Amino acid sequence: MRSKNDEKHQPLGLLVPALVLAWGLSACTALQQQQQGAAEATPPGAKADEVPAAPEDSTITVQSPAIKAYRKVGANAIYKKYPKRIYPGKIPPLVYAVVVVETHVNADGTIKKVTFSRTPSHAPEVPPMIAQLVMDAGPLPAPPSNVGAHTYVETWLWDRSGRFQLDTLTKGQRSR
């Protein structure tokens, strides 16, 4: 049997989760708009994590199966360029930095620019090092004609030693 007190608080019980959900969705939308505004307002070359400045029309290409296949080609080229920098075996459970890198590649394999969609605030020195490694590894093999110029996304798993693995070619992660 319900008391009058329960009846008074029932609408509030549904209202609070609804308000929390609405607030969360509006925060996501506001963050997206803020990021878009910041990207549009910043002139090319002004960001410290862009090497070099590139046209403003470049966007991340849909990560189709062809783009994912090319990502393996790019990862293999980077591994071939830096064999002593590759972390051997399984990566430790707590890597020093996880960096999501956007590599903008021309149709001939030259690297147009490197940007980041996730950088570690505790390791601000890592993204510029990664950008330099990617730029120095270029040109990458030319993408197939059905892919052409595009932007692919790769996650770098960076160890304190300066060695790394790319998510595309990772050996996995140790549990301890």
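1. A word on terms before we start: accessible areas here come from the Shrake-Rupley method with a 1.4 Å probe. On that basis the protein chain of this predicted model has an accessible surface of about 11000 Å², and 58% of that surface belongs to carbon and sulfur atoms. Of the chain's 176 residues, 33% count as buried.

2. Now the overall layout. The chain has three helices and four strands, which run α-α-β-β-α-β-β from the N terminus on. Among contacts with a separation of 6 or more, 73% are between residues 24 or more positions apart.

3. A friendly caution on confidence. The mean pLDDT of the chain is 79, with 66% of the residues at 70 or more. Helix α1 (residues 4-41) has the lowest mean of the elements, 49, while α3 has the highest, 98.

4. Helix α2 (residues 65-81) passes a simple geometry check: 17 residues at 1.5 Å a residue should span 24 Å, and the end C-alpha atoms are 25 Å apart, which agrees. Its buried residues include Ile67, Tyr70, Ile78 and Tyr79. The buried residues of α2 pack against β1 (97-105), α3 (126-137), β3 (150-158) and β4 (164-166).

5. Which residues have the most contacts inside the largest nonpolar core? They are Ile78, Val99, Val126, Ile130, Trp156, Trp158 and Phe164, in a core of 30 residues. The elements giving two or more residues to this core are α2, β1, β2 (111-118), α3, β3 and β4. Leaving aside residues up to four places away in sequence, Ile130 touches Val99, Val101, Phe116, Trp156 and Trp158.

6. The aromatic side chains deserve a look too, as the structure holds four aromatic pairs. In one of them, the ring centres of Tyr70 and Tyr152 are 5.9 Å apart with the planes at 80°, so the pair is edge-to-face. Because Tyr70 lies in helix α2 and Tyr152 in strand β3, this pair ties together parts that are 82 residues apart in sequence. Both Tyr70 and Tyr152 are buried.

7. Tyr79 and Phe164 also make an edge-to-face pair, since their ring centres are 6.4 Å apart and their planes are at 75°. Tyr79 lies in α2 and Phe164 in β4, so parts 85 residues apart in sequence are tied together. Tyr79 is buried at 16% relative accessible area, and Phe164 is buried at 0%. Ring pairs link Tyr79, Trp156, Trp158 and Phe164 into a cluster.

How values were computed
Residues numbered from 1 in each chain as written. Heavy atoms only, no water. Expected span 1.5 Å × (residues − 1). Buried < 20%, exposed > 50% of the residue type's maximum accessible area, 1.4 Å probe, protein only. Contact = heavy atoms within 4.5 Å. pLDDT = per-residue confidence, 0-100. Core = buried A, V, L, I, M, F, W, Y, C linked by side-chain atoms within 4.5 Å. Phe/Tyr/Trp six-rings, centres within 6.5 Å; stacked < 30°, edge-to-face > 60°.
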